[in-house]
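The report below describes how one chain is arranged, beginning with a single residue and widening out to its surroundings.

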Amino acid sequence: MPNAIEWQTIGIGFLQSIYMTFLSTALAYVIGLPLGLLLVVSDKDGLHPRPVLNAVLGIVVNILRSLPFLILAVLFRP
């Protein structure tokens, strides 16, 4: 059975995990929602077709989508 110090450490770790989850979710919404809306609006069938803007935003989205894998790859590097 864990003692009081171990429960305190578990509690701190739990709160830090919740904090990181909410922070990353908020950042995903703040960055992802505008990017997604701009991609839809600037698509060739969108409200305001802008092929150059759509291509640039597509590249940005593809780079951001691969960031979690790159972080994981760096962590597993020997």
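## A buried asparagine and its surroundings

Asn 54 counts as buried because its relative accessible area is 19%, where buried means under 20% relative accessible area, exposed means over 50% and partly exposed lies in between, with a 1.4 Å probe and protein chains only. The model is a predicted one, in which local features need pLDDT of at least 70 and side-chain atom pairs count only at pLDDT 80 or more, whereas totals for chains, interfaces and linings use all residues. Residues are numbered from 1 along each chain as its sequence is written, and side-chain values use heavy atoms, with hydrogens and water left out.

The place of Asn 54 is in helix H2, helices being DSSP runs of H or I with at least four residues, numbered from the N terminus. When neighbours within four places in sequence are left aside, Asn 54 is in contact with Leu 39, Ser 42 and Asp 43, contact meaning heavy atoms within 4.5 Å.

Two of these partners can be described further. Ser 42 is found in the loop between H1 and H2, and Ser 42 counts as buried because its relative accessibility is 3%. Beyond its neighbours within four places in sequence, Ser 42 is in contact with His 48, Pro 49, Arg 50, Pro 51, Leu 53 and Asn 54. Leu 39, by contrast, lies in helix H1, and not counting residues up to four places away in sequence, Leu 39 touches Asn 54, Leu 57, Gly 58 and Val 61.

| Residue | Relative accessibility | Class |
|---|---|---|
| Trp 7 | 46% | partly exposed |
| Leu 38 | 40% | partly exposed |
| Leu 39 | 21% | partly exposed |

Trp 7 and Leu 39 are 32 residues apart in sequence and 47 Å apart from C-alpha to C-alpha, while the C-alpha atoms of Leu 39 and Asn 3, which are 36 residues apart along the chain, are separated by 53 Å. Leu 38 and Gly 58, which are 20 residues apart in sequence, have C-alpha atoms 10.0 Å apart.

## How the helices pack

Two packed helices are described by the angle between their axes and the distance between the axes. Helix H1 (residues 4-41) and helix H2 (residues 51-75) pack at an angle of about 145°, and their axes are 10 Å apart; axes here are lines fitted to C-alpha atoms over the stretch in contact, and angles run from 0 to 180 degrees between N-to-C directions. The crossing of H1 past H2 is left-handed, that is, the near helix is turned anticlockwise from the far one by less than a right angle.

On the H1 side, Ile 31, Leu 35, Leu 38 and Leu 39 meet Asn 54, Leu 57, Gly 58, Val 60, Val 61 and Leu 64 of H2. By class, this contact of H1 with H2 has eight nonpolar, two polar and no charged residues. In H2, Asn 54, Leu 57 and Val 61 are buried, and the buried residues of H2 pack against H1.

H2 itself has 25 residues and reaches 37 Å from its first C-alpha to its last, close to the 36 Å expected at 1.5 Å a residue, the expected span being 1.5 Å times one less than the number of residues. H2 also bends by about 35° at Leu 67, with a proline, Pro 68, following within four residues; the bend at a residue is the angle between axes fitted to the seven residues ending there and the seven starting there.

Key. Helix = DSSP H or I, 4+ residues; strand = E, 2+ residues; numbered from the N terminus. Nonpolar A, V, L, I, M, F, W, Y, C, P; charged D, E, K, R; others polar.
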